[in-house]
Amino acid sequence: MDSLKIIETAVRALDSKKAKDIDAIKIGDLTIIADYFLIASGTSSTQVKALADEVEFKLSESGVEPDHIEGRSTGWILLDYGSVVVHVFHEETRRFYDLERHWSDGEHVDISSMLTE
């Protein structure tokens with residue numbers, strides 16, 4: 001599955017579980033870490049876990065498994081799909097780490113067509 005299809009599947013999964021402030025940033029021209037970061041927030045630790053679980057489930061249904069997952073018991077769960085890294089934050093943790101500011105040279109991807117609202 002290509003990177004944009006991974007993003008679309010993950011965005012729809014996050015949106016279905018009411019994630020807040022979903023953002024996709026193209027970083028492939030800036031680093032070798034990944035091609036894209038997908039960032040979303042939950043309002044509680046329970047929602048953060050549910051968001052990450054839903055992304056993992058929906059991508060697994062499509063035959064895509066994460067290379068690595070970190071932070072299952074923290075306010076920041078990272079799902080590494082190689083070309084796409086999904087960051088699911090608790091709102092406070094997201095404000096603290098502010099990845100969007102750190103990767104502000106990246107290109108924001110328009111995901112509006114992938115959202116239900």
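**Close-up views of a predicted model**

**View 1. Where helix α1 meets helix α2.** From α1, the residues Ile 6, Thr 9, Ala 10, Ala 13, Leu 14 and Ser 16 touch Leu 51, Glu 54, Val 55, Lys 58 and Leu 59 of α2; contact here means heavy atoms within 4.5 Å. Sorted by type, the residues of this contact are seven nonpolar, two polar and two charged (Ala, Val, Leu, Ile, Met, Phe, Trp, Tyr, Cys and Pro count as nonpolar, Asp, Glu, Lys and Arg as charged, and the others, Gly among them, as polar). Helices (H or I, at least four residues) and strands (E, at least two) are DSSP runs, numbered from the N terminus.

This is a predicted model, in which local features need pLDDT of at least 70 and side-chain atom pairs count only at pLDDT 80 or more, while totals for chains, interfaces and linings use all residues. Residues are numbered from 1 along each chain as its sequence is written, and side-chain values use heavy atoms, with hydrogens and water left out.

**View 2. The geometry of the helix pair.** Helix α1 (residues 3-16) packs against helix α2 (residues 45-61) at about 135°, and their axes are 8 Å apart. That angle makes α1 oblique to α2 (under 35 degrees is roughly parallel, over 145 roughly antiparallel, 65 to 115 roughly perpendicular, and the rest oblique). Axes are lines fitted to C-alpha atoms, for helices over the stretch in contact, and angles run from 0 to 180 degrees between N-to-C directions.

**View 3. The open sheet.** Six strands line up in the order β3-β4-β5-β2-β1-β6, with mixed pairing; two strands pair if DSSP finds at least two bridges between them. At the edges are β3 (68-70) and β6 (107-109), each pairing on one side only. On average, neighbouring strands of this sheet are turned by 20° against each other, direction ignored.

**View 4. Strands β4 and β5, side by side.** The antiparallel strands β4 (residues 76-80) and β5 (residues 84-90) are joined by five bridges. Look for Leu 78, which stands opposite His 87 in β5.

**View 5. Helices on the sheet.** Helix α1 packs on the sheet, where it touches β1 (20-26), β2 (36-42) and β5, and its direction makes about 5° with that of β2. Helix α2 lies across β2, β3, β4 and β5, and runs at about 160° to β5.

**View 6. Stepping back to the chain.** Four helices and six strands make up the secondary structure of the protein chain, in the sequence pattern α-β-β-α-β-β-β-α-α-β.
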